[in-house]
Every structure is written in C-alpha cells, then in structure tokens.
Amino acid sequence: MNYLQLVNDFMVETNMEDQIATVIGQIDDGLKATTWVKDAWIQIQRAERWSFMWSEGSFPTVANQAVYSLANQNRVNGDSVDIYSYRIPASKRFITPIDLNLVRFEDNTGSPTRVAEYPDGSIRLSPVPDAIHTVKFDLWAAPVVLTSDLDVPSVASQWHKAIVWRAIVNYAREQGKEWTGLYTAATREFNHIYADMQRQYLPPLGRKVPLTR
C-alpha cells in the first residue's frame with residue numbers, strides 16, 4: 001500500500017471519517033489520520049535494526065587525516081552504524097573499537113587498527129591513515145518519512161498492515177478508556193504482524209568479506 005492507501009485503511013478501521021482523495025492539504029480528522037500513519041511508520045523503522053534498512057557503507061581515508069565526519073563517511077544524520085563493523089577489506093581485518101575517554105591517541109601513521117566514535121557520529125582512526133584505505137561498515141538508513149500519496153514503505157507489502165495497526169494503537173490509546181476495545185484489538189493484530197516481521201527482517205547478518213579481528 002502507498003501512503004494514501006494506508007491512511008484510507010486507517011480511516012476504515014477506525015470509522016473516523018470518509019476516505020480521502022489525497023494526503024496533501026488535509027485538515028481536522030484527515031490531518032490527524034495522515035499524521036498517525038506517518039508517525040507509526042517512523043516508529044517501526046526506529047524500533048529495530050531491520051535488514052530492509054541495511055546497506056554496506058564505505059569511505060576512503062585521506063592520508064594524515066584522523067577524524068572523519070558523517071559527510072566524510074558518506075553518512076547522513078539519523079542513520080546508525082555498528083561500531084564493531086568498521087573494517088578494511090583489503091587487509092582482511094576489522095578495526096577495533098575503543099573508548100575516547102580511556103585511550104590516548106598517538107600521532108603515528110599507518111593502516112588504521114582502532115576506531116573511536118564521537119557523540120555526533122564522527123569517528124577517529126588510529127594510527128592516522130598513511131594513505132588511501134577503503135573502510136567499510138554496516139549501515140542502517142535513517143527512517144524515511146512518508147510525504148506524498150504514492151510513497152510506499154520499504155518493507156514488503158504483506159507487512160504494510162503493521163503500520164496501520166500501529167497507528168490505530170497510538171490513536172486509540174490517546175482517545176482514552178472508551179477506546180479500550182479498539183486499542184486491545186489493534187495491539188493484538190499489530191503484535192502478530194510485527195512478530196512475523198522480526199522473523200523475516202532480523203536475521204543474523206553474515207559478513208560479506210572473510211575478515212579477522
């Protein structure tokens with residue numbers, strides 16, 4: 001289902017209002033419905049490190065440069081990485097994570113063997129790279145926000161209903177005790193689909209390159 005279809009499904013399940021023709025420019029209940037659905041999809045994306053949001057990130061080091069911003073790593077604000085996954089495939093090894101507060105960095109150069117992460121997502125490599133080295137890592141994309149009628153969630157279509165049920169759970173919870181029945185039913189339906197999603201999209205990630213730590 002696309003964004004418009006998800007919203008109209010939400011309308012049907014909640015008996016909120018007549019279905020809408022577009023998500024753009026909505027007011028009153030139509031605006032509330034588009035917001036519930038949009039927020040539900042963001043919640044689901046943030047909840048786990050889903051395989052449908054995974055990719056292998058990479059960036060080249062620069063000789064004599066130790067610190068790499070999000071942009072230097074070809075990353076964007078809101079994505080996430082596994083700090084233990086930074087690796088240099090050419091040398092068939094992982095880069096060991098270290099704590100910035102516990103280690104004194106040295107100025108010697110060479111092929112990086114250690115990595116530390118700053119709160120803003122930038123990293124520091126040690127030794128300071130002596131040349132261009134391709135660093136790879138496991139990357140989970142930042143949540144994608146639904147904005148237009150034809151936007152389609154990146155999860156397979158058989159799990160789109162989870163977004164609707166999550167939106168209904170949030171909606172019914174906010175309405176108060178008189179909506180307890182809807183809240184209970186929606187929670188049950190959501191949990192059923194969500195469990196299937198977890199089995200499908202949370203498999204152990206195998207390493208793409210035969211590396212050693």
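Which residue takes a positive phi in the hairpin of strand 8 and strand 9? In this predicted model, the residue is Gly121, with a phi near 95 degrees, and the hairpin has five residues between its two strands.

**The strands around the hairpin**

Strand 9 covers residues 123–126 and runs antiparallel to strand 8, to which four bridges join it. Strand 8, made of residues 114–117, also pairs with strand 6, residues 96–97. That pairing has the parallel sense and rests on two bridges. Val115 illustrates both arrangements: Leu125 in strand 9 stands opposite Val115, and Pro97 stands opposite Val115 as well.

**Aromatic rings**

A search of the whole structure finds twelve aromatic pairs. One of them joins Trp50 and Tyr194, whose ring centres lie 5.5 Å apart. The planes of these two rings meet at 85 degrees, so the pair counts as edge-to-face; the cut-off for that class is an angle over 60 degrees. Trp50 belongs to the loop between helix 2 (28–47) and strand 1 (54–60), whereas Tyr194 belongs to helix 4 (residues 180–201). The pair therefore ties together parts that are 144 residues apart in sequence. Are Trp50 and Tyr194 buried or exposed? Both residues are buried.

Trp50 and Tyr194 are also members of a cluster linked by ring pairs, together with Trp41, Phe52, Trp159, Phe190 and Tyr201.

**Charged residues over rings**

Where is His160 found? His160 occupies the loop between strand 11 (134–140) and helix 3 (161–175). With a relative accessible area of 2%, His160 is classed as buried, because that class takes in values under 20%. A polar atom of the His160 side chain lies 2.9 Å from the backbone oxygen of Val155. Leaving aside residues up to four places away in sequence, His160 touches Met1, Leu6, Val152, Pro153 and Val155.

Notes. Residues numbered from 1 in each chain as written. Predicted model: local features only at pLDDT ≥ 70, side-chain atom pairs only at ≥ 80, totals over all residues. Heavy atoms only, no water. Buried < 20%, exposed > 50% of the residue type's maximum accessible area, 1.4 Å probe, protein only. Polar contact = N/O pair within 3.5 Å; in protein donor to acceptor, adjacent residues only side chain to side chain. Contact = heavy atoms within 4.5 Å. Pairing = 2+ DSSP bridges. Phe/Tyr/Trp six-rings, centres within 6.5 Å; stacked < 30°, edge-to-face > 60°.
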